Each structure stands twice: as C-alpha cells, then as structure tokens.
Amino acid sequence: MAQSKDFYNVLGVSSTASQDEIKKAYRKLAKKYHPDANASDAKAAERFKEISEANNVLSHPAKRKQYDEMRRYGAFDGAASGFGGGRSRAGGAGGFGGGRSRGGEQTINFQDFDIGGLGGLGDLFSSMFGGGEAREASRPRGPERGDTVEATLEIPFRTAARGGKVPIELEVREECPTCHGTGAAPGAQLKICPECNGRGVISFGQGGFAVNRTCPVCLGKGQVPTEACPTCHGTGEVRVKRKVIINVPPGVDTGSKIRLKGQGGKGTANGPPGDLVITFNVQPDKFYSRDGLDVIAKVPLNIAQATLGTKISVKTLDGKKVAIKIPPGTPSGKRFRVRGQGIQKGDKKGDLIVEVSIAVPEKLSEEQEKMMKDFAESGGMKY
C-alpha cells in the first residue's frame, strides 16, 4: 500500500505557511498536474490526487490544527511509539494495540480500535480517513434514511409578504425501481467485490499507519453484480424529478428557511424518507420595498402637488386603497405612515410607509419657462 507524504511537503510550503500561501501553492500545482492537461500521464493523475488531498486538509483551519497536532506526535513519520497508552477492544496495551503490523506499518481498524481516548486526534482520524464510514460499511446494510434535499426557491415580494403557495421541481436520489437498490441487472448474480474481498472497506495509507474506509467499487455493500442494472448503471440509485407545492408562510424574507419532514429523498430498504429544506430568495417588487415588517411605497409628486398640496391614493399589499393628504410645501423624501398596513408575522404587524419624491419636468415650453422665471423673481429665488 502506498504511503502518503507530509502534506506540507506535498504542496511545497512550510508548516507556518499562511492560508494565502497554501492556496497559491495548490493552484499552481493543480494547474500543472491536472488530468486534463496530462491525459496520458498516470503519475500526474496520482500527483494531482495527492495535491488535492493535502489541500483539503491544510486549507481547512480546524482540520489543519488537528493535523498539526498529529504531526507533532509523529503520526506521519512512522513513529508509532508517539501514541503510547492507546487501548484496543481486542486486548493489549500500549501503542495501537489490536492493529496488525506489516513490515513496520501499523494498520488501524476503526471497527476494532477505540480511538475515543485520543480526543481531537481520534476525531481527525475519523474525519480524514473515513473511520466512521468504515465502521458502518462493515455492518450489514439495513434500512437507511433518505437524503435531506436542500433547494433555493425564488418567490415574488408580495407572496413573501402575505404568504401563499408556490410550486417547485426537485431532483432527488431514490432507490432504483428496476434492481431495488442492488445495482444488478434482472437475472444477474451478486459476487464478492474483488476490490475489498467482500469487506465493504479498503485500507488507506497515511505515513506509517493505515486506516479503513468505504470501498469505492461496491460502495460498502461488499458485493458487485455480474451485470450492472441498465437503469441505474450499477449504483442502485436513480435521480428523479418531483414537483412539490410549498406553503410559504407570511413574512418570510431572503434567507428564511423551512424544513418539510419526509419530503426529501426516499429511504432505502424500507428506511424513512429524508427532509426537504427550502431557502427563500425574495424577488424585488417594482413598487414596494421592505424594512423589517414595514412596507415602503415610493410615490412621485409633481411640483404643483408638492407646492400646493394634494390628496393621493395608494394601494396596500392586499389591494385596498388608502387616501393620503399631502400638505402644501411637502419636500422630496417626506414619509407618511399608514398604521397596520404592513407585513404580518405572528402577532406582529408592520406599517405601510409612503415616501414621496418630487418629479421635476425635464423640459419646459417658452411660456412655461417665462412663467417659472416670473415665479422665481416674485419669490426672490435665484436661478
């Protein structure tokens, strides 16, 4: 089994490198060794995989911190003695009891070894090398809950304010109806996976240690079909489109979320369905805008209306009209509040705020221009 190098050496940076330095190093190497640019070079593909693995850990602050801690203990230089005191469920004390040694390489089986005593180090082994997946993959596959499906739904401003029903089409993963999740074509047989020998997990090397993770060939099933299902191509799953009617509660805003129980992907082997999580994105309205639960409507006034005063009619969210008296000498930007005509959310309700703006004519006739000058001069206004 191939052994991975130190992640810092893989990217060619020091252990004190900043996130920007790591990002730059990764981009430079990824561009050089990308499979698309080295189609006939198998070594470049392996190098690219190694670079990506290193970047996935070092670019993640929490994982990098744990990795550095493991590195200080000698986990990546073959110094197994650096982990003294570990205890195996299978018996034995000191070091990694219960693992099996192959030519100085220590193999850790997460399903047999208790890594809880390692604290953050145990967490990193599980998160980096799939310890949790390996434990699950070694067990028989029983009923599994369906996927939680997340989707963003665009809704009109007025629907968000008042509530309503909006349809959405989703693409979800479900158990293949042809093979019922086995991945086998009708009449085909299931045989032991040649990659993992039926274990459902494979060994993965890192430094002087090896851990187990889900087999990528059989996906943890331990078996592969003699002929793949023509519907799902051997995966046991298909992607289907489903139309769902979403009940939008009144008062939602961009970023608001709702969870619909049991509306996600179907479970496998009679497992329960997953949930559907909807994130709303509210479209802007031509007339209204929003400030909390208050609705703002901008209404233009001409010079005569603003100067002499007037009465205007404004529509509310529910289509009703309210009359607003504009006093003489109203400046642009003046606001008028209509109580209780905003957005209702629970037992709270906002107001309708009417903001006026003065519309100035772009062009005047000769007569209008003369009258405006006379008006300015009579009022002592400079122009």
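The legends below describe close-up views of a predicted protein model.

In this predicted model, local features need pLDDT of at least 70 and side-chain atom pairs count only at pLDDT 80 or more, whereas totals for chains, interfaces and linings use all residues. Residues are numbered from 1 along each chain as its sequence is written, and side-chain values use heavy atoms, with hydrogens and water left out.

**Figure 1. Overview of the protein chain.** The chain has nine helices and 19 strands; helices (H or I, at least four residues) and strands (E, at least two) are DSSP runs, numbered from the N terminus. Of its 383 residues, 38% are buried. Buried denotes under 20% relative accessible area, exposed over 50%, and partly exposed in between, with a 1.4 Å probe and protein chains only. The accessible surface comes to about 22,600 Å², and 49% of it belongs to carbon and sulfur atoms; areas come from the Shrake-Rupley method with a 1.4 Å probe, and for residues only the protein chains shown count as cover. Among contacts with a separation of 6 or more, 63% are between residues 24 or more positions apart, a contact being heavy atoms within 4.5 Å.

**Figure 2. Confidence along the protein chain.** The mean pLDDT (the predictor's confidence in each residue, from 0 to 100) is 80, and 78% of the residues score at least 70. Confidence is lowest in helix α6 (residues 131-137), with a mean of 43, and highest in strand β16 (residues 335-338), at 97. Residues 78-123 have a pLDDT below 50, and this stretch has 82 contacts in the model beyond near neighbours in sequence. Over residues 129-140 the pLDDT likewise stays under 50, and the model has 30 contacts for them beyond four places in sequence.

**Figure 3. Strand β3 and its partner β11.** In a regular strand the side chains alternate between the two faces of the sheet. The covered face of β3 (residues 149-155) presents Val149, Ala151, Leu153 and Ile155, while Glu150, Thr152 and Glu154 are on the uncovered face. Seven bridges join β3 to β11 (residues 276-282) in the parallel sense; strands are taken to pair if DSSP finds at least two bridges between them. Ile155, from the covered face, has Val282 of β11 as its bridge partner.

Figure 4. Strands β12 (residues 288-291) and β13 (residues 294-302) pair in the antiparallel sense over four bridges, with Ser289 opposite Ile296 of β13. Two residues lie between the strands of this hairpin, and Gly292 in the turn has a positive phi of about 70°. Strand β13 also runs parallel to β19 (residues 352-359), to which eight bridges join it. In this pairing, Val295 stands opposite Leu352 of β19.

**Figure 5. Salt bridge between Arg158 and Asp285.** The closest N and O atoms of this pair are 3.2 Å apart; a salt bridge is a side-chain nitrogen of Lys or Arg within 4 Å of a carboxyl oxygen of Asp or Glu. The pair links distant parts of the chain, as Arg158 lies in helix α7 (residues 157-162) and Asp285 in the loop between β11 and β12, 127 residues apart. Both residues are partly exposed, Arg158 at 38% relative accessibility and Asp285 at 22%. A search of the whole structure finds 15 salt bridges.

**Figure 6. Salt bridge between Glu355 and Arg335.** Here the closest N and O atoms are 2.9 Å apart. Glu355 in strand β19 and Arg335 in strand β16 are 20 residues apart, and the pair links distant parts of the chain. Glu355 counts as buried, at 16% relative accessibility, whereas Arg335 is partly exposed, at 42%.

**Figure 7. Salt bridge between Asp374 and Lys370 within helix α9.** The side chains meet at 3.2 Å, N to O. Because Asp374 and Lys370 are four residues apart in α9, about one helical turn separates them. Asp374 is partly exposed, with 37% relative accessibility, and Lys370 is exposed, at 55%. Elsewhere, salt bridges with shared partners join Arg145, Arg259, Lys261 and Asp275 into one network.

**Figure 8. A nonpolar surface patch.** Ile303, Val360, Leu364, Met372, Phe375 and Met381 make a patch of about 530 Å². Patches are made of residues with over 30% relative accessible area and no salt bridge; like charges are joined within 9 Å, and nonpolar side chains (Val, Leu, Ile, Met, Phe, Trp, Tyr) within 5 Å. Leu364 is located in the loop between β19 and α9 (366-378) and is partly exposed, with a relative accessible area of 35%.
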